[in-house]
Amino acid sequence: MMTKFEIEEKIVAMLKTVYDPEIPVNVYDLGLIYKIDVTDDFNVSIDMTLTAPNCPAADFIMEDIRQKIESIDGVASATINLVFEPEWDKDMMSEEAKLELGFL
């Protein structure tokens, strides 16, 4: 049985495989993931945002995340919550993402 910490590490690794079709950087490094919560019974809740509220790929991205998180061994279920507070800003990106997108 994995610990919550090990599950969280696997979730982060899995999130780094999810991309916005219009941006060549994963959702984690873009800073779109605000919170990852793993309960004692391994139900996962993720708060995330989008680079723009009217993102045409929102449903695709959220479903991709949900399916990938639920495919992790030990995860019981995944709920993806879309939030717009705080508003996303390019300063939330990792250094790697900023470099990739030419912000550095």
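Is Ile 7 buried or exposed in this predicted model? At 1% relative accessibility, Ile 7 counts as buried, where buried stands for under 20% relative accessible area, exposed for over 50% and partly exposed for values in between (1.4 Å probe, protein chains only). The model is predicted, and local features accordingly need pLDDT of at least 70, side-chain atom pairs count only at pLDDT 80 or more, and totals for chains, interfaces and linings use all residues. Residues are numbered from 1 along each chain as its sequence is written, and side-chain values use heavy atoms, with hydrogens and water left out.

Ile 7 lies in helix α1, helices (H or I, at least four residues) and strands (E, at least two) being DSSP runs numbered from the N terminus. With residues up to four places away in sequence not counted, Ile 7 touches Met 2, Val 38, Phe 42, Asp 73, Gly 74 and Val 75, a contact being defined by heavy atoms within 4.5 Å. Ile 7 and Ala 76 are separated by 69 residues in sequence and by 11 Å in space, C-alpha to C-alpha. Ala 76 is placed in the loop between α2 (58–70) and β3 (77–82) and, again without residues up to four places away in sequence, touches Asp 41, Phe 42 and Asn 43. For Ala 76 and Ala 97, which are 21 residues apart in sequence, the C-alpha to C-alpha separation is 31 Å.

With a relative accessible area of 10%, Phe 42 is buried. A further backbone feature is the peptide bond from Glu 85 to Pro 86, which is cis, with omega near -10 degrees; Pro 86 is found in the loop between β3 and α3 (95–100).

Side chains of opposite charge can pair when their charged atoms come close. The structure holds five salt bridges, each defined as a side-chain nitrogen of Lys or Arg within 4 Å of a carboxyl oxygen of Asp or Glu. In one of them, the side chains of Lys 4 and Asp 40 meet at 2.9 Å, N to O. Because Lys 4 lies in helix α1 and Asp 40 in the loop between β1 and β2 (43–48), this pair ties together parts that are 36 residues apart in sequence. Lys 4 counts as partly exposed at 32% relative accessibility, whereas Asp 40, at 67%, counts as exposed.

A salt bridge is also formed by Asp 47 and Lys 35, whose closest N and O atoms are 3.8 Å apart. Asp 47 belongs to strand β2 and Lys 35 to strand β1, so parts that are 12 residues apart in sequence are tied together by the pair. Asp 47 is buried, with a relative accessible area of 16%, while Lys 35 counts as partly exposed at 41% relative accessibility.

Within helix α2, Arg 66 and Glu 70 lie four residues apart, about one turn of the helix, and their side chains meet in a salt bridge (2.6 Å, N to O). Both residues are partly exposed, the relative accessible area being 27% for Arg 66 and 32% for Glu 70. Salt bridges that share partners join Glu 63, Arg 66 and Glu 70 into one network.

Lys 98, found in helix α3, is buried yet has no salt bridge, and the nearest side chain of opposite charge, Glu 95, is 4.2 Å away. When residues up to four places away in sequence are not counted, Lys 98 touches Lys 90, Asp 91, Met 93, Phe 103 and Leu 104.

Patches are made of residues with over 30% relative accessible area and no salt bridge, like charges being joined within 9 Å and nonpolar side chains (Val, Leu, Ile, Met, Phe, Trp, Tyr) within 5 Å; Asp and Glu count as negative, Lys and Arg as positive, and His and the chain ends are not counted. Helix α1 (residues 4–15) contributes the largest share of the patch, three residues. Asp 37 lies in strand β1 (residues 33–38) and is partly exposed, with a relative accessible area of 36%.
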